[in-house]
Amino acid sequence: MIYVALNNLNLPRNIVLHLTEACNLKCKMCYFWGEKGSFSNRIKKQNPLEINFELVTQLIHELASGSPSYSLFGGEPLLYSNIDDLIVEIKNNGSRIDMPTNGTLLSKKARMLVQTGFDSVRVSIDGSREINDKQRGKGSFDKAVEGIKALYEEKRIHKVKNPIISIIYTVTSNNYDSIRELFINDLNLSEIDWITIQMENFLTMEMGNSYARFLKSEFDINNDLYWRGMIRDTEDFRNIDTNALTHQVIEVRKKFRKLKKNILLLPPTFTNKNLNAYIRANWNGMDDLYKSCLVPWFAADVVANGDIAPCHVFYDLVMGNLHENSFTEIWNSEKYNKFREYMKNNNFMPICPGCCILYLSGKKIKKNKKVKT
């Protein structure tokens, strides 16, 4: 079985480095710093954490023989105090590296990213200037567009293809009807290699409470800091006209096909029926159904405090901490294998249907089969 084959590798293929909790924007829908975000609503106010540079350097050397791909994550990863040195360290050890970014600091870092051979930058822009700034903060649109231009110009000057530049568009109730305007009218598409249009990830409170019971019963964990930041009421999406949304995506898709540029959709099926099921949390009514997730066998997140988490952004479930044990010890630990065994036997945790990573790493099943939740 594929589980055994992957587990025998003893090293992950992909590592997400949660470099810093800090961010220079407060995007409304963000599950960390948004209106309902985990960090915005912390009972104890504390300075945002950032990962220890010596600790993460040690990790990179430990995993070097497997050449995993790294994704830099935040907050805003470009705020990390040792970002330049970290990128050099990763590239010197033979790994690919990418990051999502709000783009506001790209102009300052464009030359460094090109000179270090950085592989891929994914810039978050959620509509025209007015719409994006309403969702992400005043001035964020212009700064992101300027950053893309600066990075593109550095690539042109040095006659290189990397970093690949892509756009991430997160669909919310505030911007669902701004897709056409952004991608057909506002952006200079010659500077962009591909785009992702993704629905906002969310959990219902019922899913969250079920996940909390799972954490307690299986791992004696009571933490709810992260999953609570993902809770949304389906009423929050009631104004989204999925028919108008799908028509805009079809138009943008045609445009990108003519330009021979790729477009990634999350979920993959952008139809009126499928998206209506999604925003109503009717996971079993979707055309995009999955029977398992392979992430526990080939990927892991390193949280800013040194924790190792098996699921992206759901950092309540922790397998160990790098300040106490090596990554290899944690990756092959009894606790991690217990989690893999649970996933092999049960397919999913209660949170899984609301996770966009599932659309990238899950094994799809035929329609009309039920998802275990």
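pLDDT is the predictor's confidence in each residue, on a scale from 0 to 100. The structure described here is a predicted model. Its chain has a mean pLDDT of 92. Of its residues, 93% reach 70 or more.

Two stretches stand apart from this picture. Over residues 1-9, pLDDT stays under 50. The model has 10 contacts beyond four places in sequence for residues 1-9. Over residues 368-373, pLDDT also stays under 50. For residues 368-373, the contacts beyond four places in sequence number 14. Where pLDDT is low, the predicted coordinates should not be read in detail.

The packing of two helices was examined next. Two packed helices are described by the angle between their axes and the distance between the axes. Helix H5 spans residues 129-136, and helix H6 spans residues 140-158. Their axes come within 8 Å. The crossing angle is roughly 110°. Angles of 65 to 115 degrees count as roughly perpendicular, and H5 and H6 are therefore roughly perpendicular to each other. On the H5 side, the contact is made by Arg129, Asn132, Asp133 and Arg136. H6 contributes Ser140, Phe141 and Asp142. By class, the residues of this contact comprise 4 charged, 2 polar and 1 nonpolar.

The second largest pocket has a volume of about 240 Å³. Its lining draws on several parts of the sequence. Lys28, Met29, Glu35 and Lys36 are among the lining residues. Gln135 also lines this pocket, as do Thr172, Ser173 and Asn174. Glu200, Arg232, Asp236 and Phe237 complete the list. The lining divides into 6 charged, 4 polar and 2 nonpolar residues.

The peptide bond from Gly74 to Gly75 is cis, with omega near 20°. Gly75 lies in the loop between strand E2 (69-73) and helix H3 (83-92). A cis peptide bond also runs from Leu266 to Pro267, with omega near 5°. Pro267 is found in the loop that links strand E7 (262-266) and helix H10 (272-279). Lys260 is not a glycine, yet it has a positive phi of about 60°. The loop holding Lys260 lies between helix H9 (242-258) and E7.

Methods:
Residues numbered from 1 in each chain as written. Predicted model: local features only at pLDDT ≥ 70, side-chain atom pairs only at ≥ 80, totals over all residues. Heavy atoms only, no water. Contact = heavy atoms within 4.5 Å. 1 Å grid on protein atoms, 1.4 Å probe; cavity = no way out; pocket = protein on both sides within 12 Å on 5 of 7 lines; lining within 4 Å. Points joined across faces, edges and corners; volume = space filled by probe spheres on them. Nonpolar A, V, L, I, M, F, W, Y, C, P; charged D, E, K, R; others polar. Axes fitted to C-alpha atoms, helices over the stretch in contact; angles between N-to-C directions. Helix = DSSP H or I, 4+ residues; strand = E, 2+ residues; numbered from the N terminus. Parallel < 35°, antiparallel > 145°, perpendicular 65-115°, else oblique.
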